[in-house]
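Please keep the sequence and the structure in view while reading.

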Amino acid sequence: MASPAPLVASISHQMVALQTLQLLQEEWGWRDGQGAPRSPRDPEALSVVPVSRSASLPARPGLGREEGGGGRGSRNGGSGAWASSPEVEVVQGAERDAELLPLPRSREPCTLARMAMRSALARVVDSTSELVSVEQTLLGLLQHERSFPIHLKDSIEFRNICSHLALQIEGQQFDRDLNAAHQCLKTIVKKLIQSLANLPSDAHVVACASLRQILQNLPDI
C-alpha cells in the first residue's frame, strides 16, 4: 500500500493557500453571500472545506499568541496533540499569513477592473476548494490502492504565491501574483491528471473527470 504522506502534505499546503485567499476576499468584502464583514484576524474566518478526519479542532483562544509565558507546550497540555496535528499546522500557517496582511483596504467604487479582479480571485478560490475536496476523497482512496506521483513542490510554490499576493495592494504586482497563482493551480491539476493517466481504476476515471472540470473553470487570463 502506497504511503499517503506526499498527498497529505500537498493538501496541507493547498489549504493554507486557500485560507489565505479567503481571508483576502473577506478583507476586500468580496466573499459571496457574506453578511457583515468580519476582520480577517477573526479565528472564525478561517473556515474552509472540511478536512476528512473524525477529530475536530480544539477551541483556540486567539491567533497564535499565548496567555502568559507557558509557550507552545502549555497550549496542548504537554500532550503534543496540537503540535502534531496536520489540521492545526494548516490553521496556524494561515494565521501567520493573516498577521502579515496589510491593514484593511478602503471600499472604493467597483470599477470594471476591480470586478474582473474579483472574478479572477473567486475562480482561484473556488477551484482550489474543489481540488482539495477531490484530493481528500477520490485521490485519497486511490493513494491507498496504487502509488502515483505527487509533485509537492508545486503546492509549496502555490502557497508561497498566495501568501505574497495577500501582501500586495491592488495594481500590477497584485495582478501578476494573481495570474501566477492561477497558472500554478492549473499546473497542479494538469500534473495530477498525468499522474493518474495509467491507473486502471473506475475511481481514476471519476477523479480525472473531476480534475478536468476544475481545469475548465480556470480559463487562461
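How far away is the nearest side chain of opposite charge to glutamate 135? The model discussed here is predicted. In this model, the nearest side chain of opposite charge to glutamate 135 is that of lysine 191, 12 Å away.

**Glutamate 135**

- Glutamate 135 lies in helix H5.
- This glutamate is buried and has no salt bridge; a salt bridge would require a side-chain nitrogen of Lys or Arg within 4 Å of a carboxyl oxygen.
- Leaving aside residues up to four places away in sequence, glutamate 135 touches Leu7, Ser10, Ile11, Gln14, Gly140 and Leu192.

**Helix H8**

- Helix H8 covers residues 202-216, which makes 15 residues.
- From first C-alpha to last, H8 reaches 22 Å, close to the expected 21 Å.
- Its buried residues are His204, Ala207, Cys208, Leu211, Ile214 and Leu215.
- Viewed down the axis of H8, these buried residues fall within an arc of 115°, so they line one face of the helix.
- In an α-helix there are 3.6 residues a turn, so residues three or four places apart point the same way.
- The exposed residues Asp202, Val205 and Gln216 are carried on the face of H8 turned away from its buried side.
- The buried residues of H8 pack against helix H5 (112-145) and helix H7 (172-196).

**Helix H6**

- Helix H6 comprises 14 residues, 152-165, and its reach of 20 Å between first and last C-alpha is close to the 20 Å expected.
- The buried residues of H6 are Asp154, Ser155, Phe158, Ile161, Cys162, Ser163 and Leu165.

Conventions: Residues numbered from 1 in each chain as written. Predicted model: local features only at pLDDT ≥ 70, side-chain atom pairs only at ≥ 80, totals over all residues. Heavy atoms only, no water. Helix = DSSP H or I, 4+ residues; strand = E, 2+ residues; numbered from the N terminus. Expected span 1.5 Å × (residues − 1). Buried < 20%, exposed > 50% of the residue type's maximum accessible area, 1.4 Å probe, protein only. Arc of directions from axis to C-beta. Contact = heavy atoms within 4.5 Å. Lys, Arg positive; Asp, Glu negative; His and termini not counted.
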